[in-house]
Amino acid sequence: MSAATDTSPASAVARDAGAHPRREGTGLWTTVRALLRKELLVELRTLESVPGMSLFALSTFVVFHFALNRGSVEGDLAAGILWVTLLFAAILGVNRLFVADAEQGGFDGFLLAPVDRSAMLFAKALTLLAYLVVLELIAVPAFSILLLGPPIGPALGGLVATLALADIGVAVIGTLVGALAVQTRARDLLGPLLALPLFVPIVIGAARATEPLLVGAHTGTPGARWLATLGVYDLLFGLIAYALFDFLLED
Amino acid sequence: MSFPAEPAALECTGLVRRYGEREALSGVDLTLGRGRTLVVFGPNGAGKTTLLRVLATLLRPHAGTVRVLGSTIPEEDWAVRGRVGFVAHEPLLYRELTARENLRFHARLHAVGEERVGELLDVVGLARRADEPLRTLSRGMVQRAAVARAVLHEPELLLLDEPYANLDPAGIELLAPLIGAESERTRVVCSHDPGGGLGEADLVLGLRGGRPALLAEAGAVSAEEIAELYR
């Protein structure tokens with residue numbers, strides 16, 4: 001079959017050229033802000049992620065409280081319980097991070113826009129970071145009440161620094177894994193399977209950094225070596241995510 | 001005095017697109033001039049939606065060449081995004097957000113002023129229910145919002161996948177100036193309605209099993225030939 005050719009009327013060409021100049025699109029951070037605003041608005045309306053993550057963490061602390069059959073924990077055990085619980089709760093958020101986009105065509109709407117696609121990486125990572133902060137505002141005091149022996153007050157400064165570094169890593173890796181898993185039919189299984197091994201260095205670094213903060217006579221400072229390890233890991237995965245993310249959104 | 005020839009709005013040569021082993025599109029050749037309308041007919045699974053998604057830069061062609069608005073796909077798809085308006089089967093809108101919030105979000109992505117959002121909500125007859133979550137609206141109303149999203153940035157090329165699905169006659173009349181022949185934009189329309197589709201076509205493409213079974217000027221095609229595609 002030969003191709004039919006439909007020649008364009010000059011008037012239509014002139015109209016198109018005059019009325020529709022090529023657009024430059026939106027700047028990266030304007031796009032990030034627009035995406036972040038949309039993410040938080042959707043979460044506020046649906047309450048699908050943060051309440052689930054928080055309830056999971058609280059339930060886990062209660063389970064540990066009874067399973068360990070002790071009044072309180074401290075030191076390495078306390079740090080291990082805290083970080084394993086936070087990371088499992090984070091996985092619930094990772095699994096939901098891209099669901100609305102995949103199910104409601106948000107990916108296509110975004111991909112049709114003349115914007116830097118890295119904006120979605122930044123926006124999703126910031127969204128997950130916000131979820132983690134809210135989770136920790138609920139989970140850490142609950143942990144202190146339900147399980148922790150020593151008072152948490154003197155440890156708070158070091159704990160916040162450790163939480164911040166660990167959260168950045170979880171947010172970046174979670175975004176990368178979430179974007180990959182959501183493209184598959186087995187996303188609920190694949191997300192945790194991919195995320196957990198990548199979270200192991202974060203658990204190790206964060207638990208070791210937190211351990212001296214959660215003993216009776218704590219030193220008041222987290223392990224600097226472990227904080228540095230967390231920082232390097234964040235940087236490494238930040239670069240990997242930045243390099244790979246566009247490809248994950250491609251067909 | 002002579003002018004350099006304007007590139008066609010769409011040029012496909014030997015276009016192939018596969019899903020795994022299956023060829024969803026195979027050997028599609030067509031050229032569409034600017035400001036004209038191509039109507040694509042074909043039964044379910046014929047490759048109509050795949051063709052639109054390739055032209056929208058959402059799917060990569062696996063063979064052949066595709067040029068959209070003068071840019072080669074996928075190498076220059078960045079130059080095409082933002083110049084195309086796509087009405088898909090799905091509205092590409094978030095159900096939990098209102099029509100206004102959805103359009104504002106897309107307006108920001110396309111660097112379009114927010115006054116255009118209010119203007120369009122009026123035009124598509126959604127102003128009164130613009131602040132209700134999309135999930136509470138009827139499918140026809142959601143389709144109006146989807147059309148508003150697609151034309152928000154005044155695209156040069158409209159890719160319309162059964163755009164009047166779920167719409168009542170009043171809705172069709174409201175949207176015609178935006179996406180109908182009156183819009184005077186280059187359009188590719190997928191349709192199952194031989195009478196209505198032929199009425200607005202300049203060029204007709206019939207697909208069957210991903211292959212072009214018919215490609216001709218609209219004036220040379222009868223409704224019976226279109227109906228034959230579905231047998």
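This is a predicted model: local features need pLDDT of at least 70, side-chain atom pairs count only at pLDDT 80 or more; totals for chains, interfaces and linings use all residues.
**The mixed sheet of chain B and its surroundings**

Good morning. In chain B, six strands form an open sheet in the order β6-β7-β8-β3-β9-β10, and their pairing is mixed. The edges are held by β6 and β10 (211–217) of chain B, each with a single partner strand, so one side of each is left without a neighbour in the sheet. From one strand to the next, the twist averages 15°.

Strand β6 (residues 84–87) of chain B pairs with strand β7 (residues 157–161) of chain B in the parallel sense, over four bridges. Within this pairing, B:G85 stands opposite B:L158 in β7(B).

Are the faces of β6(B) covered or uncovered? Both are covered: B:V84 and B:F86 on one side, and B:G85 and B:V87 on the other, are all buried. As a general point, the side chains of a regular strand alternate between the two faces of the sheet.

I turn now to the nonpolar core. The largest one has 151 residues, and those with the most contacts inside it are B:V40, B:V147 and B:L159. The largest share of this core, 13 residues, comes from helix α8 (residues 156–181) of chain A.

Which residues does B:V147 touch? Leaving aside residues up to four places away in sequence, they are B:V87, B:V124, B:P163, B:L175, B:L178 and B:I179.

Finally, a helix pair. Helix α2 (residues 99–109) and helix α3 (residues 115–123), both of chain B, pack at an angle of about 135°, with their axes 9 Å apart. Angles over 145 degrees would count as roughly antiparallel; α2(B) and α3(B) are therefore oblique to each other. Their crossing is right-handed. On the α2(B) side the contact is made by B:A99, B:R100, B:L103, B:R104 and B:A107, and on the α3(B) side by B:R116, B:V117, B:L120 and B:L121.

Thank you for your attention.

Key. Residues are numbered from 1 along each chain as its sequence is written. Chains are lettered from A and ligands numbered from 1 in the order in which they are written. A nonpolar core is a set of buried Ala, Val, Leu, Ile, Met, Phe, Trp, Tyr and Cys residues joined through C-beta atoms within 7 Å. A residue is buried if 20 or more other C-beta atoms lie within 10 Å of its own, exposed if 12 or fewer, and partly exposed in between; C-beta atoms are placed from the backbone. Helices (H or I, at least four residues) and strands (E, at least two) are DSSP runs, numbered from the N terminus. Two residues are in contact if their C-beta atoms, placed from the backbone, lie within 7 Å. Two strands pair if DSSP finds at least two bridges between them. Axes are lines fitted to C-alpha atoms, for helices over the stretch in contact, and angles run from 0 to 180 degrees between N-to-C directions. Angles under 35 degrees count as roughly parallel, over 145 as roughly antiparallel, 65 to 115 as roughly perpendicular and the rest as oblique. A crossing is left-handed if the near helix is turned anticlockwise from the far one by less than a right angle, and right-handed if clockwise.
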